[in-house]
Amino acid sequence: MARRKITNSQAVCITLLWGVLCYMLLVYSEKITFDIIFALIASAIIVFVPIYKNKRRRDE
C-alpha cells in the first residue's frame with residue numbers, strides 16, 4: 001500500500017496544532033517538571049520525524 005504524501009498545508013496545520021497543544025500543556029501545568037519536558041520532546045519527535053522524512057522523499 002502506497003503512502004500518501006503530506007502537502008505543505010497539511011504540514012503547517014499539524015505543526016500549528018502541535019504548537020497549540022504544547023502551549024496549553026505549558027500554560028496549564030502547575031510546575032514544569034522533567035515529565036513535561038520529556039513529553040514535549042517525545043511528541044516533537046513523533047510529529048516532526050515523519051514530516052521530515054516525507055519532505056525529504058518528495059525533494060528527491
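Does tyrosine 52 count as buried or exposed, and at what relative accessibility? At 54% relative accessibility, tyrosine 52 counts as exposed, where exposed means over 50% relative accessible area, buried under 20% and partly exposed in between (1.4 Å probe, protein chains only). The structure is a predicted model, in which local features need pLDDT of at least 70 and side-chain atom pairs count only at pLDDT 80 or more, while totals for chains, interfaces and linings use all residues. Residues are numbered from 1 along each chain as its sequence is written, and side-chain values use heavy atoms, with hydrogens and water left out.

The protein chain contains two helices and zero strands; helices (H or I, at least four residues) and strands (E, at least two) are DSSP runs, numbered from the N terminus. The radius of gyration of the chain, taken over C-alpha atoms, is 14 Å, well over the 10 Å that the globule rule gives for 60 residues, so the chain is more spread out than a compact globule. The globule rule is 2.2 Å times the number of residues to the power 0.38. Along the principal axes, the C-alpha atoms fill a box of roughly 45 × 20 × 20 Å. Of the 60 residues, 17% are buried.

Two pairs of residues illustrate distances across the chain. Valine 27 lies in helix H1 and counts as partly exposed at 44% relative accessibility. The C-alpha atoms of valine 27 and arginine 58, which are 31 residues apart along the chain, are separated by 36 Å.

Serine 29 is placed in the loop between helix H1 (8-28) and helix H2 (34-59). This serine is buried, because its relative accessible area is 19%. The side chain of serine 29 reaches two backbone oxygens, that of leucine 25 at 3.1 Å and that of leucine 26 at 3.3 Å. Such a polar contact is a pair of N or O atoms within 3.5 Å; within protein, one atom must be able to donate a hydrogen and the other to accept it, and residues adjacent in sequence count only if both atoms are side-chain atoms.

A search of the whole structure finds zero disulfides, a disulfide being a pair of cysteine sulfur atoms within 2.5 Å. Cysteine 13 is in no disulfide, and the nearest cysteine sulfur, in cysteine 22, is 16 Å away. That distance is too far for a bond. Cysteine 13 counts as partly exposed at 46% relative accessibility, whereas cysteine 22 counts as buried at 10%.

The largest pocket has a volume of about 200 Å³. On a 1 Å grid over the protein atoms alone, a pocket is an open set of points where a 1.4 Å probe fits, with protein on both sides within 12 Å along at least five of seven lines. Grid points are joined across faces, edges and corners, and the volume is the space filled by probe spheres set on the points. The lining residues, which have an atom within 4 Å of a point, are Arg3, Arg4, Lys5, Ile6, Pro50, Lys53, Asn54 and Arg57. This lining divides into two nonpolar, one polar and five charged residues. Asparagine 54 is found in helix H2 and counts as buried at 14% relative accessibility. A polar atom of the asparagine 54 side chain lies 3.5 Å from the backbone nitrogen of isoleucine 6.

Technical notes. Ala, Val, Leu, Ile, Met, Phe, Trp, Tyr, Cys and Pro count as nonpolar, Asp, Glu, Lys and Arg as charged, and the others, Gly among them, as polar.
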